[in-house]
Amino acid sequence: GEWRVVVADQQIKGQGTHGRTWASPRGNVYTTFSTVAPIPPQHLSDVPQIVVIAIMQVLKTFGLEPQYKWVNDVLINDRKISGILCRTGGMRGDNVILHIGIGINVALSVIDCNALSQPATSINLALGKQVNKEVVIELLKRSLAHHFYCYLQVGRLFMVDELNTRLAFKDQNITFDLEDNKKTVIQGTLLGIDEKGWIIIRNSENGSVQSHHSGRILRGQELEIYMQQNALRSVSLSHMFTTPAFERTHFEEIGSTQDYLRDN
């Protein structure tokens, strides 16, 4: 029942999931909550979804309609407004030490959002007015403690309907990266979330329906970046060139680069 929370006005090394950075300019919520909870290791995958439920409740308090992007993000109108990063610090007896990082965009401007690698928004932009971030932090503290209490009393039963109701991209075609050693990516329809919190996808290729406990949904610029990286992985420049050195000659104006190289 005891929590410790660290709050920062700004971060210079903000961390996101999958090794990405979290842009952390002033005016937004950057927090890490720590607590000790009797959650078995096999149920630790429930923690991010407890946190998502708590964040969505805070946003609903302001009259917003949040969406849940499985498994670590909260969206408003398909734009990211919050992300979480959950880690453990070992065990204390039968209890696990949890470190729950939460970022919520409160005052991010249109210019700030456009500079990010994926569609984003903020509470101020969504509401069209300014919100005090200290109020957001206070609501977050209460919501997080309350929803962890609910989880410890009844398990994930209280979460399933809410997560499915607010699941982003439900019944839509998605690209899903399993993040396995084979770098498997599947195309399919997002059907929902099962009782264990796993994502359910109908495979477009063979029609099979499967639940997946890990991976990430790729859309928009995230998908473009993935495809570019995948293309680079599949082509080794070392097989194409005997040396990576290039001699460059530059002209402000020239008749023809073809003619120049043919003559020289």
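This is a predicted model: local features need pLDDT of at least 70, side-chain atom pairs count only at pLDDT 80 or more; totals for chains, interfaces and linings use all residues.

Reader: Start with the rings. How many aromatic pairs are there?

Author: The structure has 4 aromatic pairs. One of them is Trp70 with Phe176, where the ring centres are 5.9 Å apart and the planes meet at 50 degrees, so the pair is tilted.

Reader: Where do Trp70 and Phe176 sit?

Author: Trp70 is in the loop between strand E3 (67-69) and strand E4 (73-76), and Phe176 is in strand E7 (residues 173-177), so the pair ties together parts that are 106 residues apart in sequence.

Reader: Are Trp70 and Phe176 buried or exposed?

Author: Both Trp70 and Phe176 are buried.

Reader: What about Phe251 and Tyr260, how are those rings arranged?

Author: Their centres are 4.9 Å apart and their planes are at 65 degrees, so that pair is edge-to-face. The cut-off for edge-to-face is over 60 degrees. Phe251 is partly exposed at 37% relative accessible area, and Tyr260 is partly exposed at 29%.

Reader: Which residues form an aromatic cluster?

Author: Trp3, Phe33 and Phe148 form one.

Reader: Back to Trp70. What kind of peptide bond joins Trp70 and Val71?

Author: A cis one, with omega about 10 degrees. Val71 is in the loop between E3 and E4.

Reader: Switching to charges. Which ring does the charged end of Lys196 sit over?

Author: The ring of Trp198, with the charged end of Lys196 3.8 Å from its centre. Arg219 lies over the face of Phe169, at 3.9 Å from the ring centre.

Reader: Where is Phe169?

Author: Phe169 is in the loop between helix H5 (157-165) and E7. With a relative accessibility of 7%, Phe169 counts as buried. Its phi is positive, near 70 degrees, in a residue other than glycine.

Reader: What is phi for Glu179?

Author: Near 55 degrees, again a positive value in a residue other than glycine. Glu179 belongs to the loop between E7 and strand E8 (185-193), and it is partly exposed with a relative accessible area of 37%.

Reader: On to the helices. What span should helix H4 have, and what does the model give?

Author: Helix H4 (residues 133-154) has 22 residues and should span 32 Å at 1.5 Å a residue; its end C-alpha atoms are 31 Å apart, which agrees.

Reader: Which residues of H4 are buried?

Author: Lys133, Val136, Ile137, Leu140, Ser143, Leu144, His147, Phe148, Cys150 and Tyr151. They cover an arc of only 155 degrees around the axis, which puts them on the same side of H4.

Reader: Why would residues a few places apart point the same way?

Author: An α-helix has 3.6 residues a turn, so residues three or four places apart point the same way.

Reader: And what do the buried residues of H4 pack against?

Author: Strand E1 (3-8), strand E2 (29-37), helix H1 (47-61), strand E6 (95-104), helix H3 (123-127) and H5. The face of H4 turned away from its buried side carries the exposed residues Arg142, Tyr149 and Gln153.

Reader: What happens at the start of H4, and what follows H4?

Author: At the start of H4, a side-chain oxygen of Asn132 comes within 2.8 Å of the backbone nitrogen of Glu134. After H4 comes Gly155, with a positive phi near 75 degrees.

Reader: Which residues are buried in H5?

Author: Met159, Val160, Leu163 and Asn164. Down the axis of H5 the buried residues fall within an arc of 115 degrees, so they line one face of the helix. They pack against H1, E3, H4 and E8. Asp161 and Thr165 are exposed, on the face of H5 turned away from its buried side.

Reader: How many of the residues of H1 are buried?

Author: In H1, 12 of the 15 residues are buried, so the helix is largely enclosed by the rest of the structure. Among them are Val47, Pro48, Gln49 and Leu59.

Reader: Last one. Which residue just after H1 takes a positive phi?

Author: Gly63, with a phi of about 85 degrees.

Key
Residues are numbered from 1 along each chain as its sequence is written. Side-chain values use heavy atoms; hydrogens and water are left out. Rings of Phe, Tyr and Trp (its six-membered ring) pair if their centres lie within 6.5 Å; planes under 30 degrees apart count as stacked, over 60 as edge-to-face and the rest as tilted. Helices (H or I, at least four residues) and strands (E, at least two) are DSSP runs, numbered from the N terminus. Buried means under 20% relative accessible area, exposed over 50%, partly exposed in between (1.4 Å probe, protein chains only). A charge sits over a ring if NZ of Lys or CZ of Arg is within 6 Å of the ring centre and within 35 degrees of the ring normal. The expected span of a helix is 1.5 Å times one less than its number of residues. The arc is that of the directions from the helix axis to the C-beta atoms. Contact means heavy atoms within 4.5 Å. A polar contact is a pair of N or O atoms within 3.5 Å; within protein, one must be able to donate a hydrogen and the other to accept it, and residues adjacent in sequence count only if both atoms are side-chain atoms.
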